[in-house]
Amino acid sequence: MKKEFWNDTVVVITGASSGIGKALLEELAIFPCQLVLLARRAGDIPEPTAKHKDTILHRVTCDLSDPSSVQDAIDWISKRIERVDVLFNNAGITAHGRFDSLSMEVYRKTFATNFFGPVQFIKGLLPLVTIAKGNIVTTSTVSALYGVPGRAAYSASKSALHAALESLRIESLDLGIGVSLVCVPYTDTALRTSGLDSFGNLLTEAPAKGKRKSAKEVAHVLMEVAKDKEARLVTFNLSGKFLEWMRFFSPKFLEKILYKKLYDDFKTH
Ligand SMILES: NC(=O)c1ccc[n+]([C@@H]2O[C@H](COP(=O)([O-])OP(=O)(O)OC[C@H]3O[C@@H](n4cnc5c(N)ncnc54)[C@H](OP(=O)(O)O)[C@@H]3O)[C@@H](O)[C@H]2O)c1
């Protein structure tokens, strides 16, 4: 019988206190594995609704925007854990505002959380991922595939992370590890209330209009990607593919569509 992939694995999840990270926790806790759960509110991460009797949970407080907190988390994990099979680099914030209205503080905070923190964390855990010949799966966004209007800081921070992790993937070709970027579409989570407005205040925006994924659906896709070392840039649906292709085939047409479709998102901010 084929061994269940997740049995006996060590899985690290950043952003496990809410949304997609919390859904990953719920879906993985049914397997006998070790889950290392990180967030600023790690202490509030609840017990999953269904948990295998041999599943071990570690809650580690970590503020990705604070280098010393990230180092503490790396040290904590490195002292107790011998290998990391899957690192879900999932935590992140959005920032809503036009290029010219977003304060520099918001650009910095967004990059600190979405770029510098994850880079430092992945660098720190790379030896443990290498021991396991493991997989680093990043929750990214379709907004990383093109600079989206009203999302300059968010798009830039996530696409910068794409470039850094693509470098890592090539440099690690002989290590046997996987490095993938999953460009998630609109999903029902707290992102539009956990992110920042132009001035650095918490957003209070209603969920995006139109079709949205559930956090559970996204967690399932991330879990499948984690099994595939060949996965690179993963898009879910036509909107992701469209952005990916149109950048090369007709950026002018793409920009007109983004202008029209997202007009309300950037004209009012
Ligand atoms: N929802 C969407 O429509 C959507 C679409 C595309 C991509 N994504 C991506 O999905 C990922 C997960 O977001 P979500 O949608 O699940 O939103 P969410 O419900 O707001 O969850 C975000 C998670 O990130 C953690 N986090 C935020 N800032 C942090 C920091 N400074 N240090 C450590 N952890 C931090 C939060 O934990 P604490 O607050 O406890 O620290 C929380 O667990 C993000 O990377 C986001 O960019 C979401």
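F115 has a relative accessible area of 15%, so F115 is buried (buried means under 20% relative accessible area, exposed over 50%, partly exposed in between, with a 1.4 Å probe and protein chains only). F116 counts as exposed because its relative accessibility is 52%.

This is a predicted model, in which local features need pLDDT of at least 70, side-chain atom pairs count only at pLDDT 80 or more, and totals for chains, interfaces and linings use all residues. Residues are numbered from 1 along each chain as its sequence is written, and side-chain values use heavy atoms, with hydrogens and water left out.

## Aromatic pairs

A pair of aromatic rings is described by the distance of the centres and the angle of the planes. Rings of Phe, Tyr and Trp (its six-membered ring) pair if their centres lie within 6.5 Å; planes under 30 degrees apart count as stacked, over 60 as edge-to-face and the rest as tilted. The count by this rule is eight aromatic pairs. One of them joins F115 and F116 edge-to-face, at 5.0 Å centre to centre and 80° between the planes.

Y259 and Y263 also form an edge-to-face pair, with 5.4 Å centre to centre and 65° between the planes. Y259 is partly exposed at a relative accessible area of 42%, and Y263 is partly exposed at 36%. Elsewhere, F5, W6 and F88 are linked into a cluster by ring pairs.

## Nonpolar cores

A nonpolar core is a set of buried Ala, Val, Leu, Ile, Met, Phe, Trp, Tyr and Cys residues joined through side-chain atoms within 4.5 Å. The largest has 32 residues, of which W6, L28, L35 and F88 touch the most other members. Two or more residues each come from β1 (10–14), α1 (19–28), β2 (34–39), β4 (86–89), β6 (178–184) and α6 (215–225); helices (H or I, at least four residues) and strands (E, at least two) are DSSP runs, numbered from the N terminus. The largest contribution is that of α6, with six residues.

Leaving aside residues up to four places away in sequence, L35 touches V11, L25, L28, A29, T55, I56, L57 and H58 (contact means heavy atoms within 4.5 Å). A second, separate core has 29 residues, including V12, V36, F115 and I177.

## Cysteines

There are zero disulfides in the structure, a disulfide being a pair of cysteine sulfur atoms within 2.5 Å. C62 counts as buried because its relative accessibility is 5%. C183, at 1% relative accessibility, also counts as buried.
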